Every structure is written in structure tokens, then in C-alpha cells.
Amino acid sequence: MDIRKFEIFLDLVETMNFTKTAERQFTTQGNISKQILSLEKELNVKLFERVHRKIELTEVGNLLIPYVKNVVEQYHAMQEVLATYTQEKNLALHILTIPTMINYEGFTEITEFLKQYPEFTIQLKEVESIEMTDEELNEHSDTIHFVRIFDEPSKNIEWLPTEKDSFVAVLPKSHPFANREKLDLKELKDEDFLVLGPSTNLYHPVLDLCEEAGFEPKISYKGSRIDLIINMVANDMGISIVMGKTVQNLLKENTVIVPITPTKESHLAFTRKTGEHTLASDKFWEYVKKGCERSV
């Protein structure tokens, strides 16, 4: 059923004049007649009678008026709901992020973007980094992810690196190596290691670094909260190997950061699946891309 025919029927009921309805509908009288005849054929009823150059509603035509009005009203209500949904979807920026995002430029990119484009809204959700995989999180093209990447993502993933970070040692200020400008990681082989555990993507890289340095670390604590680990270091419960920028704002008075060798570099980056995206996703992507180009 073509809703347009219903709309023309209701207009003709109001004007009772083919010429006036044609003018109001910005079409020809012949087209109005054709639409009404087509509707009558579909419904298998006569809706209007011609009487002395005038038209009159038939009994069944009069009977159908409230039902046709309801169909047209419901159709337009549905269109409004769909339009609102589409608009809100296009203006909503969905971002999944690692918990430590606030320590990186990516967070600044988001806040500055929202200041410049207040018509967009943001839905930000923290996810542990081990869950930030291409398969699980890049399923939906309208979602952007802020992740830590050690290797380039797969070809079906776009990415915009915003900055780099690398591993450092966090030591109590009272530690014998606290004043070192740089530290060979193998010098820490007898220490108690407090590390971010397997729920993050930093656990295995730390083990790999220790293996590269020639020892297996003695891990006394594995967790997911970096602030708790820093507090434990501050209380002389062990040392930690973490990403430098992650902890620079979390250090306590009695803790220090010391660069280590070997270390490993990571990229902090926005990623999304290649393909079509929402207006919000494309606008944000363009904004971040320009920022990255300016910083090069």
C-alpha cells in the first residue's frame, strides 16, 4: 500500500475538488484522479461519486476516513521516530578505551573535539586492554577504540597513532637503584615484581623483557589496578615495570621512575574497522587525523 494515495484521499476529502487537491499536492488533476482510481482498485471499493460536476464521498469512503487518518498519522509518527533515531545515532560518538586513557593525548583529543563540535555527544566505556582485539571489538564500524598497540593492526583496521610510550621501572625512593639515570633490567632479577596481570596486554610484554634480560621474574602480585601497584611500591612491597606515561601522574612522594634497558615501545592509537561509519565517527576521525598530521 502506497501511503501517498492515502494522503491524497484525505486531501480530497477535505477539498472535495480535484483541481484544489492537485494544487495543494503540487501535481496535476489527472495524477490525482489516477491515484484515487488506483486506491479504489486496491481496496476494491468506490470512494467518490461524481454528481453534477461535483464529487461526493460514498458511504464506504466516509466509513474509511478515521482508519485512513490513523494509518497516515502512525506512518508519520514512525518516520519521526526513525529520523530521531538516525540523527541521535549519527551524532553519538561511541568510544571503547583502556582504563588509563586519561594519562594520554587521546583523552585531550576527545575533550577538545567536543568543545569544538558541541552538537556531538560521547559514550565512553572502559575495557581491559586484553579484550581490545580486532575480532571482538571492531565488529561494529560505528565504534572507535583507544588502544595500546605493540604491533600494527590487521589490514581491515584503520588506526591513528597519537603518541608513543615505553616501559620503565618504578622503584621505592629508598631503593639502592633509585638515583640511577638508567637501569639494566637484569639488575632487578632478585626483586619482587608487582605487575599488571594477564587481564591487560602489558603482562606478557613484561615477561618477554625479563626473558630478554636473561631471567624469570619473581612475581609477588598480579593485578589490574595500576594505582594499587604504585601504592604497593610506595610501601616498599616490591618494584614494578610499567609504561612510563601511565604512571607519571600517579607517582607517590616516595616512588621514582627509572628508564630501563631493554625496553619496549608501544603506540597509543585510535582504531576502527574499515568501511562505512556514522557522521560522528567520521568527523572525529578527521579531527584526530589532522591533529596527528600537525604533530608530525
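Ala83 is partly exposed, with a relative accessible area of 46%. This residue sits in helix 4, which covers residues 59–91. In this predicted model, Ala83 and Ile157 are 74 residues apart in sequence, and their C-alpha atoms are 30 Å apart in space.

**Domains**

- The domain assignment divides the chain into domain 1 (3–80), domain 2 (91–162 + 267–294) and domain 3 (164–266).
- Between the C-alpha centres of domain 1 and domain 2 the distance is 51 Å.

**Nonpolar cores**

- The largest nonpolar core is made of 56 residues. Those with the most contacts inside this core are Phe167, Leu171, Leu185, Leu188, Ile241, Phe270 and Phe284.
- Domain 2 and domain 3 both give residues to this core, so it lies between them.
- A second, separate core has 18 residues, including Phe18, Ile32, Ile36 and Val72.
- In soluble globular proteins, nonpolar side chains tend to be buried together.

**Aromatic pairs**

- A search of the whole structure gives 12 aromatic pairs.
- One of them is formed by Phe113 and Phe284, with an edge-to-face arrangement. The ring centres are 5.2 Å apart and the planes are at 85° to each other.
- This pair links distant parts of the chain, since Phe113 belongs to helix 5 (residues 105–116) and Phe284 to helix 10 (residues 279–295), 171 residues apart.
- Phe113 and Phe284 are both buried.
- Phe150 and Phe167 form a stacked pair, with 6.3 Å from centre to centre and 10° between the planes.
- Here too the pair links distant parts of the chain: Phe150 is in the loop between strand 5 (143–149) and strand 6 (157–172), while Phe167 is in strand 6, 17 residues apart.
- Phe167 has a relative accessible area of 1% and is therefore buried, the cut-off being under 20%.
- One aromatic cluster is formed by Tyr104, Phe113, Tyr117, Phe120, Phe146, Phe270, Phe284 and Tyr287.
- Apart from neighbours within four places in sequence, Phe284 is in contact with Leu93, Ile95, Glu109, Ile110, Phe113, Ile144 and Phe270.

**Helix 1**

- Helix 1 spans residues 3–15 and has 13 residues. From its first C-alpha to its last it reaches 19 Å, close to the 18 Å expected at 1.5 Å a residue.
- At the N-terminal end, helix 1 is capped by Asp2, which has a side-chain oxygen 2.9 Å from the backbone nitrogen of Arg4.
- The buried residues are Ile3, Lys5, Phe6, Ile8, Phe9, Leu10, Asp11, Leu12, Val13 and Thr15.
- Met16 follows helix 1 and has a positive phi, near 50°.

**Thr15**

- Thr15 is part of helix 1. Its relative accessibility is 16%, so Thr15 counts as buried under the 20% cut-off.
- The side chains of Thr15 and Thr21 are joined by a polar contact of 2.6 Å.
- Leaving out neighbours within four places in sequence, Thr15 is in contact with Lys20, Thr21 and Arg24.

How values were computed
Residues are numbered from 1 along each chain as its sequence is written. This is a predicted model: local features need pLDDT of at least 70, side-chain atom pairs count only at pLDDT 80 or more; totals for chains, interfaces and linings use all residues. Side-chain values use heavy atoms; hydrogens and water are left out. Helices (H or I, at least four residues) and strands (E, at least two) are DSSP runs, numbered from the N terminus. The expected span of a helix is 1.5 Å times one less than its number of residues. Buried means under 20% relative accessible area, exposed over 50%, partly exposed in between (1.4 Å probe, protein chains only). A polar contact is a pair of N or O atoms within 3.5 Å; within protein, one must be able to donate a hydrogen and the other to accept it, and residues adjacent in sequence count only if both atoms are side-chain atoms. A nonpolar core is a set of buried Ala, Val, Leu, Ile, Met, Phe, Trp, Tyr and Cys residues joined through side-chain atoms within 4.5 Å. Domain bounds come from an automatic or database domain assignment. Contact means heavy atoms within 4.5 Å. Rings of Phe, Tyr and Trp (its six-membered ring) pair if their centres lie within 6.5 Å; planes under 30 degrees apart count as stacked, over 60 as edge-to-face and the rest as tilted.
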